[in-house]
Amino acid sequence: ELFLARYIFEVENAGRDVRGFKIFYDQPLGPDHERVWHYLASLDDLKVIHLWRRNQIERIVSEIQAQQTDKWTSYQPSPIPPPALDIGVTTFLTKIAQKTKRREQKMAMFKDHPLLYLEYEDLVRDQPGQMRRVFEFLGIDPLPVKASTHRISHGGLRSSLRNYREVQDALHGTPYAHFID
C-alpha cells in the first residue's frame, strides 16, 4: 500500500474522484512484489488498463538502451540517438519468453476485473482516438491530454541494432520475425 500511495495520482472528474497509477510487471522490486500485486487484485472496484508494446523486439531494445544509458524518460526531443546495441538472439528469445510469462501471470490475476488492452503503438499512432477509449472505459468525461514525454530513439531497429541483419536472419520463420522492420 505504501508503494501505491507514493505513485497514485488523483483527479476529480464529473464529481467523481478518480485515482490512477502505473506499475510494470516486475515492480515493485524487492520482497513486497507479490504482496502489492495480490493487494491490487483484491480491489473490487479496480479497473485495469493494460498498456503493452506489441513489438517485443523494440521493447527489449528500448529497455536495454535505458539500462545502459540510465535514461528511462525524455521530456524533450533528443537530437542525439542512443548508441546502437549488439544484442544476441538468445537474449531476445529469453527476454521475450520471460516477459510473456510475467505478463500472462499478472493479467491472469485480474481476470475478474474490467480490463482494457491498449497497445503502445496504437497510442503513439492515434493518441486522441485511444484516449477516447480510455475515458469511455473509465466512465469519466474526457480531459485534455498531451504527452509530456518524447521517444528517446527514433531510428527504428536498423539504427538501434549493430547486429540487425544477424537478428533478422535468426528470427526468420519464428513468431517474432514480423517484429523486425
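**Salt bridges, a central helix face and a nonpolar core**

In this predicted model, R125 and D122 both belong to helix α5 (residues 120-125). They sit three residues apart, about one turn of the helix. An α-helix has 3.6 residues a turn, so residues three or four places apart point the same way. R125 and D122 form a salt bridge, with the closest N and O atoms 3.0 Å apart. R125 has 61% relative accessibility and counts as exposed, because the cut-off for exposed is over 50%. D122 is buried, with a relative accessible area of 17%. The pair is part of a network of salt bridges that links R54, E119, D122 and R125.

The count of salt bridges comes to nine. Another one joins the side chains of R59 and E63, at 3.0 Å from N to O. Both residues lie in helix α3, four residues apart, again about one turn of the helix. Is R59 buried or exposed? R59 is buried, with a relative accessible area of 16%. E63 also counts as buried, at 16% relative accessibility. Both values fall on the buried side because that class ends under 20%.

E63 has a further partner. It forms a salt bridge with K95, and the closest N and O atoms are 3.8 Å apart. This pair links distant parts of the chain: E63 is in helix α3 and K95 in helix α4, 32 residues apart.

Which residues of α4 are buried? They are V89, F92, I96, K99, R103, K106 and M107. These residues lie on the same side of α4, because they cover an arc of only 130° around the axis. The face turned away from the buried side carries the exposed residues T90, K101 and E104.

What covers the buried residues of α4? The cover includes three helices by name, α2 (33-42), α3 (56-69) and α8 (164-171). It also includes the strands β3 (48-52) and β4 (115-119).

Leaving aside residues up to four places away in sequence, F92 touches I57, I60, V61, I87, L161 and V167. In soluble globular proteins, nonpolar side chains tend to be buried together. Here the largest nonpolar core has 16 residues. I57, F92 and L161 have the most contacts inside it. The elements giving two or more residues to this core are α3, α4 and α8. Helix α3 gives the most, with four residues.

Now step back to the whole chain. The protein chain has eight helices and four strands. From the N terminus on, the elements run α-β-β-α-β-α-α-β-α-α-α-α. Of its 181 residues, 34% count as buried. The accessible surface comes to about 11,900 Å², and 53% of that belongs to carbon and sulfur atoms. Contacts can also be sorted by sequence separation. Among those with a separation of 6 or more, residues 24 or more positions apart account for 67%. The salt bridge between E63 and K95 is one example of a link across the chain, with its residues 32 apart.

Key:
Residues are numbered from 1 along each chain as its sequence is written. This is a predicted model: local features need pLDDT of at least 70, side-chain atom pairs count only at pLDDT 80 or more; totals for chains, interfaces and linings use all residues. Side-chain values use heavy atoms; hydrogens and water are left out. Buried means under 20% relative accessible area, exposed over 50%, partly exposed in between (1.4 Å probe, protein chains only). The arc is that of the directions from the helix axis to the C-beta atoms. Contact means heavy atoms within 4.5 Å. Accessible areas come from the Shrake-Rupley method with a 1.4 Å probe; for residues, only the protein chains shown count as cover. A nonpolar core is a set of buried Ala, Val, Leu, Ile, Met, Phe, Trp, Tyr and Cys residues joined through side-chain atoms within 4.5 Å. A salt bridge is a side-chain nitrogen of Lys or Arg within 4 Å of a carboxyl oxygen of Asp or Glu.
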